[in-house]
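Please keep the sequence and the model in view while reading.

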Amino acid sequence: MGADIAAGRRSRTAQGLAAGAFLGPATCVVLVTMVAPLLLLARYSANRYSATDLMIEAVTPENYLRFFTDTFYLGVMRTTIGVAVLSTLLCVLFGLPLAWRLARMAPRWKGVCMLGVILPLFIGSTVRTVGWMILLARGGLMDIATTRLFATRLDLMFTPTAVIVGIVSFNLPYLVLTMQSVFDRVDVQLEQAAQALGAPPVRAFWRVVWPLVLPGVAIAAVMCFILSMNAYATPVLLGGPRFQMMAPLLYWEFGTNNNWPFAAALAFILMGTTLLLTVFANMLIPRRYRA
Amino acid sequence: MSAALQLRDLSKQYGPAVAVDRVSLDVAPGEMVVLLGPSGCGKTTTLRMVTGFVEPSGGDILVDGHSIRMLPPYRREMGIVFQSYALFPHLSVARNVAFGLEMRRQGRAERDARVAEMLRLVRLEGLADRLPRQLSGGQQQRVAIARALAIRPRLLLLDEPLSNLDAALRQEVAREMRILQRDNGLTAVMVTHDQDEAMAMADRLVVMRDGRVQQIGRQEDLYERPATPFVARFIGHSNLLAGSVQDGQVLALGGADVALAGRYAPPAGSSAATLAVRPERIVLAPPGTHPEERVVGRVALSSYLGAAVEHVVHVGTDQRVVVNGASSGPAATARFAAGEAVALCWGAESERVFDAADRVMPRSASNPAPVRSGHDSQTISKVASNAR
């Protein structure tokens, strides 16, 4: 009996070692490429900045205090959150019907349409943004069109609208792909059953499909929100020099100002805010619908 | 006569492919009609056209004399039990059953009473607050029926309702569903590919193949008087022997001749024919000992199956006949070993001959088949065992 237990313990130890051997390499990569830089960044964010010596070793909260006491930086954060929330809402609004339609499509058309959704991802984000610039800029296609048709000038370049349009177009494919797979898992017969019981299609969707896909849609929306919060190229190229969002600001402090301690603090503040808002949004979903 | 459901030349085409080809059917009030056929025969498409989820290419659907073809599914008032049951996984049993009543904006008290009544009907009173995933397959199926019946549907439509249950449960549930349907006077249409299920549940059956109705009738009609070789094979696994009719009473198979029990008049220009005989209507005897001997073959396989004994007999150059008989009791069949020569014997009422166009070949009236009285299988088996 005792021998059995000992043998069992030994085999369990062996199992543990085997599991460790499988998990080891991945853990090492994560440690080296993610945790270590983050720790380094955390350490930097507590350092002091001097215009002559750049970074001075210290342990001080002044970088964080500077952010939370300066209305300019708080304003940038407010803009960033505003743009991220708005573009996420628009993405869900546009993406939902698209994803649903795709999931319910006959297989032979589905492939083609999926390709259509994925195709923009083949083009680099910068190239796509330049495309938007050509469309939106003064003297661009939209401007020419509205001038000819309605005799009004339309200059959307360097406006928040342009940034939101850019971010939505950038995030939409990811969102549609994620939500499509969520809708795919909902049996068509559930919708049909609801309809047979007297629910018109829209009502059948809200009463039966929506509660079932809500957790998946929430995950897709969170992903979209995180991408928007951290958007860099779009705000820089479509927002122009006076439109400030967190990621470009961070890069500017880091690259142009050489203020590494403050840039590190900004990075942590951006990360923390994103995380906090994501958790908060998740709490808004009723418990019984959570994944 | 006023039919609860009428299909008139109902058709469905997908591009050039015809899924359902001019199906016409009348279902009387309180009747259970089963659409039966192999997969791809169009039975499910027919049902879906009645539910409204597939749009017909032609023909019409009438409920109580009014066309419902233009009505969307949510206004057709049909109780549908889906193959997968399609219970709403996020709603309790009671909320599932109440769903249709909520859609009709019924008062809460009335709704609760109806839900309780339905759960009592399917004997699930204690499980009202469970979620569907906490129920067994049989219980889920009963919830699906309760949900479909709660709205007092004009028709109950069942799409392979038993195929997701294990074999042991299937018979019991089938019996219960049949009693429920009978007792409540429900008009029902069921789809299945399982002929035993169909035989057990139906008032009338519709056998379909390649989108067409092969035969409509009661169990006895289909079994005793199949309209086509397909029906003969599909209902009760008839043996089909292909050959040509000669002199109206011999079927030449190639390598062997069957002395037919009846006299037939093949249509002008074609003597090709198919003979259908059921496995349990054939009696085996040593050659030359039985008054109703039709053809002699060679036993290929003899298996003991418990209640029944099955022989597979090679006839002619390349055809096979399956023969079933009781393994014990007064009508026990004689057993023959593989390789033995054996005579296949049957009476006139057990054979059916079809012409090249799969129509029943008429018996020629001028010379009626000789009626032999009382082929007592007991004496036959005695003869058979003596011969050994």
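**Salt bridges and a domain interface**

Over all chains, the structure holds 20 salt bridges, a salt bridge being a side-chain nitrogen of Lys or Arg within 4 Å of a carboxyl oxygen of Asp or Glu. This is a predicted model, in which local features need pLDDT of at least 70 and side-chain atom pairs count only at pLDDT 80 or more, while totals for chains, interfaces and linings use all residues. Residues are numbered from 1 along each chain as its sequence is written, chains are lettered from A in the order in which they are written, and side-chain values use heavy atoms, with hydrogens and water left out.

**Salt bridges in chain A**

- A:Lys110 pairs with A:Asp184 in a salt bridge, with 3.1 Å between the closest N and O atoms.
- A:Lys110 lies in helix α4 (residues 107-122) of chain A and A:Asp184 in helix α7 (residues 160-184) of chain A, so the pair ties together parts 74 residues apart in sequence; helices here are DSSP runs (H or I, at least four residues), numbered from the N terminus.
- A:Lys110 is buried, at a relative accessible area of 16%, and A:Asp184 is partly exposed, at 38% (buried is under 20% relative accessible area, exposed over 50%, partly exposed in between, with a 1.4 Å probe and protein chains only).
- A:Arg153 and A:Asp143 form another salt bridge, their closest N and O atoms being 2.6 Å apart.
- A:Arg153 is exposed, with a relative accessible area of 53%, whereas A:Asp143 is buried at 2%.

**Salt bridges in chain B**

- B:Arg218 and B:Glu220 meet through their side chains in a salt bridge (3.8 Å, N to O).
- B:Arg218 is partly exposed at 41% relative accessibility, and B:Glu220 is partly exposed at 43%.
- A network of salt bridges links B:Arg218, B:Glu220, B:Asp221 and B:Arg225.

**Domains of chain B**

- Chain B is divided into domain 1 (5-224) and domain 2 (237-386), with bounds from an automatic or database domain assignment.
- The centres of domain 1 and domain 2 of chain B, taken over C-alpha atoms, are 40 Å apart.
- Four residues of domain 1 of chain B are in contact with five residues of domain 2 of chain B, contact meaning heavy atoms within 4.5 Å.
- The two domains of chain B bury about 410 Å² between them, 19% of it on carbon and sulfur atoms; buried area is the accessible area (1.4 Å probe) that two parts lose on being put together, summed over both.
- On the domain 1 side of chain B, B:Gln195, B:Tyr223 and B:Glu224 lose the most area to domain 2, together 91% of what that side buries.
- One salt bridge is counted between domain 1 and domain 2 of chain B.
- B:Glu224 forms a salt bridge with B:Arg281, with the closest N and O atoms 3.0 Å apart.

How values were computed:
Helices (H or I, at least four residues) and strands (E, at least two) are DSSP runs, numbered from the N terminus.
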